[in-house]
Amino acid sequence: MKLTKRFDSNEGKHLIEGIHFVLHCHHYNTLIHRAIVSTPFLDGKEFIFQTVAQDFAQSLPRIVQSQKLSGKDAILSACSEFYSLLGFGKMDLSALSATGGRAVSTSSHLASGYLAKWGKQDQPVDDFGRGFVAAAWATAFGKDVKVCKVVQTRCIAKGDSTGEFTVEV
Amino acid sequence: MAIDKKVIFNGVSQMQFVGNQKGLIDVFGVYLTSGSSTMYNNLSFELIRKLDPALIAEAETILTNAARVCGYNTFYGIQNSVEWEGLIAPMVDNDTDRLIASVEICNALGWARWELVDVVPGKKAVFRAHKGYEAELYVKKYGPSKRSVCYMMQGVASALNDLSYGGEYPSGIYAFETVETMCRAKGDPYCEFVTTRVE
């Protein structure tokens, strides 16, 4: 995948296809994630899912457009590659269809971060992955990301060999 | 030897941080992600806006602490990397040089456009940011704020002082505290961060 990357030295911004990206480490991401999911009177996992899904739903169509792609297989593959380039992990989206389906991650930033920082978890943690899967599905099938729910059924941070995400429409 | 900020800025800003075969950016002893600034801002600011006002100060502390822990660990890795050894270490004579060089790395990483305007080594440092994604996007989305909003930069300012003057890693963390005394989100011309040693 060839992306237009540029560093605007006056603004101090790293841009990919005109979108401003910032680097954060697993300490930051896991601490923020854990803080949000444990916030009282807030469904933190849903909040993170929606925030990430809506953000990727803005950026993924621009990436797809920049690559001049069409067809759901090519689009899903490009979304997956972009996700990996950003460091979020490896996500196989190829089994998704317009009616839902399943995505599988063989590595995950949040899962690796949780394992490195706090060890094995009791519950799935990859809400960044959930949000991304929803946005990729919406991008590939031309749908509104808001109609898509994603449930994580397996998680590397729990000790599972892969992460699994079920898309419910 | 003085710190050549331009060499650091140009050298570090050209580094490519992309996922490996596992889709992970495994560098400097941490895993990095490159996320959109809007995503990170929405995670912070929308969280704050959903909270009961009585919980806001605590949430701000949590967000700032996440950035401090991130900055402390990531910059420890950076300061012990081969890249630092090759590019920056020959310019560093003392702890303050290390702080100045680290600020320039922050600029090259795209977190802000920072300058260190005053340093009393080991006691106090004053940073100014003329750019920075937090204040900028806050104003764009919500308009002026009554509170300072640069939680990330506040935490990183503490972390860099912790690393330079706080003592051995990892026990040197929390040696300094930072207050964002001015913020562009409040209408100030720049964001200013005053970092002092915890008594």
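Which residues touch the most other members of the largest nonpolar core?

Mentor: First, a caution: this is a predicted model. The residues you ask for are F132(A), V133(A), A135(A), A136(A) and M153(B). They touch the most other members of a core of 110 residues. Helix 3 of chain B, residues 56-79, supplies the largest share of this core, with 10 residues. In soluble globular proteins, nonpolar side chains tend to be buried together.

Take A136(A) as an example. Leaving out residues up to four places away in sequence, A136(A) touches L60(A), L76(A), C79(A) and L93(A).

Now the contact between the chains. Chain A gives 39 residues and chain B gives 39 residues. On the side of chain B that touches chain A, the elements that give two or more residues are strand 2 (30-36), helix 2, helix 3, helix 5 and strand 3 (112-120). Helix 2 of chain B gives the most, with 9 residues. By class, that side of chain B has 20 nonpolar, 14 polar and 5 charged residues.

Helix 5 of chain B also packs within its own chain. Helix 1 (residues 5-13) and helix 5 (residues 95-109) of chain B have axes 8 Å apart, at an angle of about 40°. The two helices of chain B are therefore oblique to each other. Their crossing is right-handed. From helix 1 of chain B come K5(B), I8(B), F9(B), V12(B) and S13(B). They meet A101(B), E104(B), I105(B), N107(B), A108(B) and L109(B) in helix 5 of chain B. This contact has 7 nonpolar, 2 polar and 2 charged residues.

Helix 1 (residues 26-37) and helix 4 (residues 109-118) of chain A cross at roughly 90°, and their axes come within 9 Å. These helices of chain A are therefore roughly perpendicular to each other. H26(A), H27(A), N29(A), T30(A) and H33(A) of helix 1 meet residues of helix 4, among them H109(A), L110(A), Y114(A) and K117(A). The contact divides into 3 nonpolar, 8 polar and 1 charged.

Next, helix 6 of chain B, residues 133-142. Its buried residues are Y133(B), E134(B), A135(B), E136(B) and Y138(B). They pack against elements of both chains. From chain A there is strand 3 (19-25). From chain B there are helix 2 (37-50), strand 4 (124-132), helix 7 (151-165) and strand 6 (191-197). Just after helix 6 of chain B, G143(B) takes a positive phi of about 85°.

Two other residues of chain B deserve a backbone check. F28(B) is not a glycine, yet its phi is positive, near 55°. F28(B) sits in the loop between strand 1 (25-27) and strand 2 of chain B. F28(B) counts as buried because it has 20 C-beta neighbours inside 10 Å. Y174(B) is likewise a residue other than glycine with a positive phi, near 75°. Y174(B) has 15 C-beta neighbours inside 10 Å, so Y174(B) counts as partly exposed. Its place is the loop between helix 7 and strand 5 of chain B.

One peptide bond remains. P170(B) lies in the loop between helix 7 and strand 5 (176-182) of chain B. The bond joining Y169(B) and P170(B) is cis, with omega about 0°.

Definitions and conventions:
Residues are numbered from 1 along each chain as its sequence is written. Chains are lettered from A and ligands numbered from 1 in the order in which they are written. This is a predicted model: local features need pLDDT of at least 70, side-chain atom pairs count only at pLDDT 80 or more; totals for chains, interfaces and linings use all residues. Axes are lines fitted to C-alpha atoms, for helices over the stretch in contact, and angles run from 0 to 180 degrees between N-to-C directions. Helices (H or I, at least four residues) and strands (E, at least two) are DSSP runs, numbered from the N terminus. Angles under 35 degrees count as roughly parallel, over 145 as roughly antiparallel, 65 to 115 as roughly perpendicular and the rest as oblique. A crossing is left-handed if the near helix is turned anticlockwise from the far one by less than a right angle, and right-handed if clockwise. Two residues are in contact if their C-beta atoms, placed from the backbone, lie within 7 Å. Ala, Val, Leu, Ile, Met, Phe, Trp, Tyr, Cys and Pro count as nonpolar, Asp, Glu, Lys and Arg as charged, and the others, Gly among them, as polar. A nonpolar core is a set of buried Ala, Val, Leu, Ile, Met, Phe, Trp, Tyr and Cys residues joined through C-beta atoms within 7 Å. A residue is buried if 20 or more other C-beta atoms lie within 10 Å of its own, exposed if 12 or fewer, and partly exposed in between; C-beta atoms are placed from the backbone.
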